[in-house]
Amino acid sequence: MASQGKPVLYGYFRSSCSWRVRIAFALKGIEYDQVPINLVKDGGQQLTDQYKTVNPMQQVPAVTIDGITLSQSLAIIQYIDETRPGPRLLPADVQQRAQVRMISDLIASGIQPLQNIYVIQKIGEEKVQWAQHFINKGFKALESILKQTSGTYCFGNEISMADVCLVPQVYNAERFKVDLDQYPTIKRINQTLMELEAFKGTHPSCQPDTPDDLRA
Ligand SMILES: N[C@@H](CCC(=O)N[C@@H](CS)C(=O)NCC(=O)O)C(=O)O
C-alpha cells in the first residue's frame, strides 16, 4: 500500500474519542499531524460545512491515512493495528480478540455516547447527574468484567484497544466527579496505564490546542 505522507488527525484536546486515537498512534510509534476542531468555539467547529465533508457525522476524531478518510475511533484504531507494525492492540486469538472488542464497545457504545456534547446540551440542568448515572451504570458492569479479564491491564498483561478506551473514559468520569473508589480494578489499571508515556504524553492537558489555563 502506497504511503501518502503522515496521517492527519482531526481532533479536540478534550475529546475522549480523539485521545483514544492519539494513544493508539503513540503505542505504534506513528508520527501524525493534528488539525484541531474546537467542539465549543463558535457553536462547534464540527458543525461547519467544511468539516462535514471530512466527517458527515460531525464528530471527532477523523483521520486521513493512506489516501482514505476514516471516522469512528475504533475503526481507526483497528485499521492502524492491521496495517502498522508495533505492539498488537488486538490479540491474535479470536476469543481473546472478541473479549477486547467487548470491553472496548462497552465503553465506546455503552458509556461515552451518553455524555456527548450534543446529548448533554439537550439534558440541561440535570446534565451532571445524567452523566454520573450512565458512567456509574457502565462502570459497574465494566468493573465486574475486568475482575475476570484483567491482569496488569484490561485484558491480561498486554496493552490492548480496551486500555486505549479505558483511560479517556476515566478522564471523563473524573470531569463529571464520579467516585472512582467504587471501582478498584478500573482505578488500578488506569493508574498503571497513566505511568506510560503513550498515555501521559497524549493527555488532553498537553495537546497543541489545549488552552493555556488547562495546560499542565
Ligand atoms: N463513535 C464515535 C464517537 C465520536 C464522538 O462522540 N465524538 C465526540 C467527542 S468525544 C464529538 O465529536 N462530539 C461532538 C458533539 O457532541 O457535537 C467514535 O468512537 O469516534
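Where is Gln-58 found? In this predicted model, Gln-58 belongs to the loop that links H2 to S3. Its phi is positive, near 60 degrees, although the residue is not a glycine. The peptide bond from Val-60 to Pro-61 is cis, with omega at about 5 degrees. Most residues other than glycine have a negative phi, and most peptide bonds are trans.

Strand S3 covers residues 62-65 and strand S4 covers residues 68-71. The two run antiparallel and are joined by four bridges. One of the paired residues is Ala-62, whose bridge partner in S4 is Ser-71. S3 and S4 make a hairpin, with two residues between the strands. In the turn, Asp-66 has a positive phi of about 55 degrees.

The hairpin can now be placed in the chain as a whole. The secondary structure consists of nine helices and four strands. Read from the N terminus, the order of elements is β-α-β-α-β-β-α-α-α-α-α-α-α.

What radius of gyration would a compact globule with 216 residues have? The value would be near 17 Å, and the chain agrees with it, because its own radius of gyration is 17 Å. Along the principal axes, the C-alpha atoms fill a box of roughly 45 × 45 × 30 Å.

The last step concerns two of the helices. Two packed helices are described by the angle between their axes and the distance between the axes. Helix H4 spans residues 94-110 and helix H6 spans residues 127-149. Their axes come within 11 Å and cross at roughly 165 degrees. An angle over 145 degrees counts as roughly antiparallel, and H4 and H6 are therefore roughly antiparallel to each other. The crossing in which H4 passes H6 is left-handed.

Which residues make the contact between H4 and H6? H4 contributes Gln-99, Ile-103, Leu-106 and Gly-110, while H6 contributes Gly-138, Ala-141, Leu-142, Ile-145 and Thr-149. By type, the residues of this contact are five nonpolar and four polar, with no charged residue.

Note on methods:
Residues numbered from 1 in each chain as written. Predicted model: local features only at pLDDT ≥ 70, side-chain atom pairs only at ≥ 80, totals over all residues. Pairing = 2+ DSSP bridges. Axes fitted to C-alpha atoms, helices over the stretch in contact; angles between N-to-C directions. Parallel < 35°, antiparallel > 145°, perpendicular 65-115°, else oblique. Left-handed = near helix turned anticlockwise from the far one by under 90°. Contact = placed C-beta atoms within 7 Å. Nonpolar A, V, L, I, M, F, W, Y, C, P; charged D, E, K, R; others polar. Rg over C-alpha atoms; globule rule 2.2 N^0.38 Å.
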